[in-house]
Amino acid sequence: MPDREWKKGSAELLLLSLLEHEPRHGYELNKLIESRSRGVLRYHVASLYPLLYRLERRGWIDGRWVEKAGQRRRRYYRLTPDGKRVLAAQRRSWTAFAQAISRIAGVQHA
Amino acid sequence: MPEWRAELRRRLAPLGLSPVREAEILEELSQHLDDRYQELRSRGEADADARRIALAEVSESDRLTRELAAIEAPAPPVSAAIGQGTERGGGGHFLQDLRYGIRMLRMRPGFTAITVLTLALGIGANTAIFSVVNSVLLRPLPYPDSERLVSFWGTAPEKRLPVVNLPDALFVFLHEQSKTFEKLAAYASGGASLTGSGDPERVNASAVTPDFFTVMGVKPLFGRGFVAEEGTEGKARVAVLAHSVWRRRFGSDASIVGKPITLGGNPTVVVGIMPPGFDFPEGAEVWVPLVLNAEGLDNWYLSTVGRLKPGIRVQDAQREMAGLTDEFMLRQPARFPDAKRGSARMVAKPLRDEVVGEARTPLLILLGAVALVLLIASANIANLLLARAAARSREMAVRCCIGASPRRIAAQLLTESLLLAGAGAAAGLLLAFWGVRLLRGLSESRIPRLDQVRLDPIVLMFTVGVTVVAGLLFGLAPAIRASRVDLQDALREGGRAGTSGASRRLTNGFVVVQFALSLILLVGAGLLLRSFRHLLDVDPGFRAENVLVARIQLPESKYAEEAQVRAFYARLLESVRAVPGVLSVGLNQRVPFSGGNPQQNLYVEGQQAKPGEPIPVINSRNATPGYFAAIGTPILKGRGFEDSDNETAPPVVIVDETVAQRYWPGGDPLGKRIRTSLDTSARWMTIVGVAPNVKHASLNEQLNFELYRPFLQSVTWVNYLVIRSAIDPETLTPTIRRRVADLDPNLPVSEVHTMEQAVAGSLATRRLINALLTGFAVLAVLLAAIGIYGVMSLSVTGRLNEFGIRLALGAAPADVLRLVLRQGLLLALAGLAVGLAGAAWLTRFLGTLLFGVRPVDPVTFLGVAAVLGAVAAAACYLPARRATRADPIAALRRD
């Protein structure tokens, strides 16, 4: 399991990119992160939601209660226009960062 | 499913989140834990294990709390969140509710400002008017046991004499016989000139029976009151001074007691000084002993004041006085041939009522008006709160879900309402403080005791009471509504501003009530304004512009003979006539609006009053030849007075139209003869002229009989100099004073004023009441307009989908416009109908304030209804316009 700092730094990017194409609720986000990372990454409630609230407060994502037939209502988060810009910028800097790391440390980029 | 909330709430508690936010987080996190738990179970974990693993995510460390603390709103001022836990102690709840209420109000500064301002106007107006009512009508007079002080007088409405004062002999008899009064005093008010130590000055002097001060229960500040023997003929002249005169004229020098001053031209020893605030009869500056003539029956001039024995009621005293008067008259059949038991009518009233006089009705009307304004304001706020309650129904529902009882929520909302009311009251008190100062400055409006108006503890108690009532009024409906919120509905609607049927009916009801009350106020104001208009149109019988009057009083001590008086006034008139700018000048013993009407009986030659018919009363005054030109009263028929109408010429008289029409309808009154006494020694006076009816007491007085006699044939010592000028009459004042002083430097010139001031003064109270009532009515209409606008706006917002669909299905915008307007106007019309009925019933209480209009005046009623209808239409138009712009596409997409 990677270092905690790693996880924290990447978490914003992960959440934003998962919300890029459709709104999702917190549990779904966590499941996606877990499955797409093949079980490497998983967030605790105690860190996932504070993170979501922080992104929401910054205006990058927008949470809304949505009801679906036969279900309890859930809070769905979607990317705001601001969030889209941030996502693009973070992607660029992560790419640059990862390339720099691999050039120096000889790590193969995933 | 396991219950996570307790654990989660424990983690969130230190953050002091707002209840709404906390509830949201609780919901979201417990859902997550539910999902996680189910996932673990489906993987084959045992129930207890799944629960433990899921919970570990939150409870392993204090991470959740720490993380959230960094993100969520910096902790609000207090950490208590409403609705958490179950019932705790009551006091703690109240403080919690209060703090939460303050926070809620601060979160919506716009709403709070509008509400507080509305309330401030309503509560401020109520406080200001009540402080006047309290000081003028309610507060006891500043005399010990003042509720036992009573005035009484005779009354003869059939002679149009509502107030008949008493003659000496009757008072002496009543004084001896009465068993209901502990003590009884008589007084007669007049004036006297005060000379020496400064300019000559006319002071209000009252002659009082010696135990007057004992009856009032007030001891002099220095010296003494009067002793019994000072009420008998031939004693040394003594006087008691009012505090005001003593300070102004004698520099508050206590050694003046025992020294002589010059009063009415006579040396008079000051025996006492009254304390400040002793003001009875109103305005009295000097009191002198009244010498009664135990046989006197000719002058009916005495006013009375008595102190009832403890436990005696005013009605008992009234009955006793009437009975004793019957007995008095029966004992003198020669003088009162018609007297029989039960014929004398007396009126006894608490002294306070007499002091307050006619101010009672208008003040109570104003109090009613401000109460209506506050009701309308409260309805507005109730509507605002109902709308907010609908918007907050999710908040309430969430609170319910997490354990708050409906009572708890209602209490919270009521606390918020009372908080609003309290803030409104605080601002209202400021307004009232300012308003009271403004009112107190309006001294020319002749409301007694107005100068004593202030905000005292009783007024503050009233304000607190009104505030609580208002807070409950507008807070109760929303609170009850909110506590009955349907959880499922509220949560499902997801915070949409929905309005349920019940609350819409309530809101509509408020609008109806507002329009009804506004109409009543506006009708009242309209009737008063029309009355005022009619009053201004009244022809007073004289032309007030460019007329200066001044009162001159010749002391009988110096001018003992009529000849001296004639000579003085002849020289004065000549001297004033020569002043540049003076067009004409004359004298009269009374000028219009100077108060007092010398009355006499009228006997017309050849027209005997039928037996049993009351002998007609006529107002009698004298005038010099120049008077009619100076005051601007034309002689309609015959001639005015001439210098030749003197003491040696045959007696002549000018009567007014009313007399001429009554006694010689269609005929010629000129040359006919009248006299004012049955006494055969009284000479007949020949009518030489007819004058128009002149309003002497007020513009709305009824027609009176009036006669004028030539000054030279009916000399009076006190007269008003009447000057018509070509220039601003007030600029003449110093010159006139100088001319009088040239003739007699000790002569006071008083009551110097223009006739325009006199007429305006007679209308001042009315003007004030009109202005206030109109102001309140306009405020009411404004509030009602805001009210209907708000309700229609909300209704349109709630129905935007419906309008969109209507438009999509082919309705023209005009149809939608009509639909909304009709809905609003129906409400307004219902209100107007109720209001018209209410106004028709209530306007009768305007009583004597009306002049020239009937209480149910169709012009006013319909006009006001039309104005309010237009206001309603205008207020509904904006929301209606918005409805026509509903987007059909959006509407379809939303559904």
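**Figure 1. Helices α22 and α24 of chain B cross.** In this predicted model, the axes of α22 (residues 755-798) and α24 (residues 813-842) of chain B come within 11 Å and cross at roughly 145°. Axes are lines fitted to C-alpha atoms, for helices over the stretch in contact, and angles run from 0 to 180 degrees between N-to-C directions. Helices (H or I, at least four residues) and strands (E, at least two) are DSSP runs, numbered from the N terminus. The crossing of α22(B) and α24(B) is right-handed. A crossing is left-handed if the near helix is turned anticlockwise from the far one by less than a right angle, and right-handed if clockwise. From α22(B), I788(B), M792(B) and V796(B) meet V820(B), G824(B), L827(B) and A828(B) of α24(B). Two residues are in contact if their C-beta atoms, placed from the backbone, lie within 7 Å. Ala, Val, Leu, Ile, Met, Phe, Trp, Tyr, Cys and Pro count as nonpolar; Asp, Glu, Lys and Arg as charged; the others, Gly among them, as polar.

Residues are numbered from 1 along each chain as its sequence is written, chains are lettered from A, and ligands are numbered from 1, in the order in which they are written. Because the model is predicted, local features need pLDDT of at least 70 and side-chain atom pairs count only at pLDDT 80 or more, while totals for chains, interfaces and linings use all residues.

**Figure 2. The largest nonpolar core.** This core has 144 residues. A nonpolar core is a set of buried Ala, Val, Leu, Ile, Met, Phe, Trp, Tyr and Cys residues joined through C-beta atoms within 7 Å. A residue is buried if 20 or more other C-beta atoms lie within 10 Å of its own, exposed if 12 or fewer, and partly exposed in between; C-beta atoms are placed from the backbone. V373(B), L519(B), F776(B), A780(B), I788(B) and L868(B) have the most contacts inside the core. Helix α12 (residues 360-391) of chain B gives the most to this core, with 19 residues. Leaving out residues up to four places away in sequence, F776(B) touches A125(B), A369(B), V370(B), V373(B) and L521(B). Another core, of 63 residues, lies apart from the largest one; L166(B), W287(B), L308(B) and A322(B) are among its members.

**Figure 3. Strand β13 of chain B and its partner.** Five of the seven residues of β13 (residues 582-588) of chain B are buried, so the strand is mostly covered. β13(B) pairs with β22 (residues 718-725) of chain B in the antiparallel sense, over six bridges. Two strands pair if DSSP finds at least two bridges between them. L587(B) stands opposite L721(B) in β22(B). The loop between β13 and β14 (599-601) of chain B holds F593(B). F593(B) is not a glycine, yet has a positive phi of about 65°. F593(B) is buried, with 23 other C-beta atoms within 10 Å.

**Figure 4. Backbone details in chain B.** A cis peptide bond leads from F280(B) to P281(B), with omega near -10°. P281(B) is found in the loop between β8 (266-273) and β9 (286-289) of chain B. E751(B), in strand β23 (residues 749-754) of chain B, has a positive phi near 50° and is a residue other than glycine. E751(B) counts as partly exposed, with 16 C-beta neighbours inside 10 Å.

**Figure 5. The loop around E701 of chain B.** E701(B) is found in the loop between β20 (685-691) and β21 (706-710) of chain B. It is partly exposed, with 14 other C-beta atoms within 10 Å. F851(B) is 150 residues from E701(B) along the chain, but their C-alpha atoms are separated by 9.9 Å.

**Figure 6. The sheet of chain A.** Three strands form an open sheet in the order β1-β3-β2 (chain A), with antiparallel pairing. β1 (24-25) and β2 (61-66) of chain A are the edge strands, and each pairs on one side only. Six bridges join the antiparallel β2(A) and β3(A). R64(A) has Y76(A) in β3(A) as its bridge partner.

**Figure 7. The contact between chains A and B.** The contact takes 16 residues from chain A and 16 residues from chain B. On the side of chain A that touches chain B, α2 (26-36), α3 (45-58) and β3 (74-79) of chain A give two or more residues each. α3(A) gives the most, with eight residues. This side of chain A divides into seven nonpolar, three polar and six charged residues.
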